Amino acid sequence: MRERRSDQLKRPTTMIDFANATYAKLSPWANGDAASELSGILLKDEQIYLAFKGIRDSVTFTSKRLVALNVQGITGKKKDYTSLPYSKIQAFSVETAGTLDLDSELELWFSGLGRVKLEFARGVDIRSIGQLIGDHVL
């Protein structure tokens, strides 16, 4: 049965499947390693502020945007680079780790794109990430 257009518009969209296990627990990644991996897409004046990596995929916060790298296929030669500009962020939320839940989370709502949720491993300073986003959005 076909959905009505109004039902389709109400449903939130997620641009990238960050619920995928490879994104589930992002840990700090060396900025130099991220720069090497993203050298072909970074702008000349773009600086890397923070970088995080899952099993194969990564998320990098630069001076202009958030870059999500999704490594695909068995060999990992196929890669999807998704650029999420700070200027499109409408709202964001940070959730710190707790006593039993040791992971922290960042949720971003992008204009025209939908919600992106990132889960970080224990020990990641989620507040500094929130400050970084705030500096670029507010």
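Student: What is the bridge partner of Ser58 in strand 4?
Tutor: The bridge partner of Ser58 there is Leu69. Strands here are DSSP runs of E with at least two residues, helices are runs of H or I with at least four, and both are numbered from the N terminus. Keep in mind that this is a predicted model: local features need pLDDT of at least 70, side-chain atom pairs count only at pLDDT 80 or more, and totals for chains, interfaces and linings use all residues. Residues are numbered from 1 along each chain as its sequence is written, and side-chain values use heavy atoms, with hydrogens and water left out.

Student: How many bridges join strand 3 to strand 4?
Tutor: Four, between residues 58-62 and residues 65-72, and the two strands run antiparallel. Two strands pair if DSSP finds at least two bridges between them.

Student: And what order do the strands take in the open sheet?
Tutor: The order is 1-2-3-4-5, with antiparallel pairing. Strand 1 (27-28) and strand 5 (78-85) are the edges, each pairing on one side only.

Student: Which strands does helix 3 lie across?
Tutor: Helix 3 (residues 31-38) lies across strands 2, 3, 4 and 5, at about 90 degrees to strand 2. Axes are lines fitted to C-alpha atoms, for helices over the stretch in contact, and angles run from 0 to 180 degrees between N-to-C directions. Helix 4 (residues 126-137) also packs on the sheet, touching strand 2 and strand 3. Contact means heavy atoms within 4.5 Å.

Student: Which residues of helix 4 are buried?
Tutor: Ile126, Ile129, Gly130, Leu132, Ile133 and Gly134. Buried means under 20% relative accessible area, exposed over 50%, partly exposed in between (1.4 Å probe, protein chains only). Their cover includes strand 2, strand 3, strand 6, strand 7 and strand 8.

Student: Switching topic. How many salt bridges does the structure hold?
Tutor: Seven. Each is a side-chain nitrogen of Lys or Arg within 4 Å of a carboxyl oxygen of Asp or Glu. One of them joins Lys25 and Asp103, at 2.6 Å from N to O. That pair is 78 residues apart in the chain.

Student: Is Asp103 buried or exposed?
Tutor: Asp103 is buried, because its relative accessible area is 16%. Lys25 is at 39%, so Lys25 counts as partly exposed.

Student: What about Arg115, which residue does it form a salt bridge with?
Tutor: Glu107, with the closest N and O atoms 2.7 Å apart. Glu107 is buried at 18%, and Arg115 is partly exposed at 31%.
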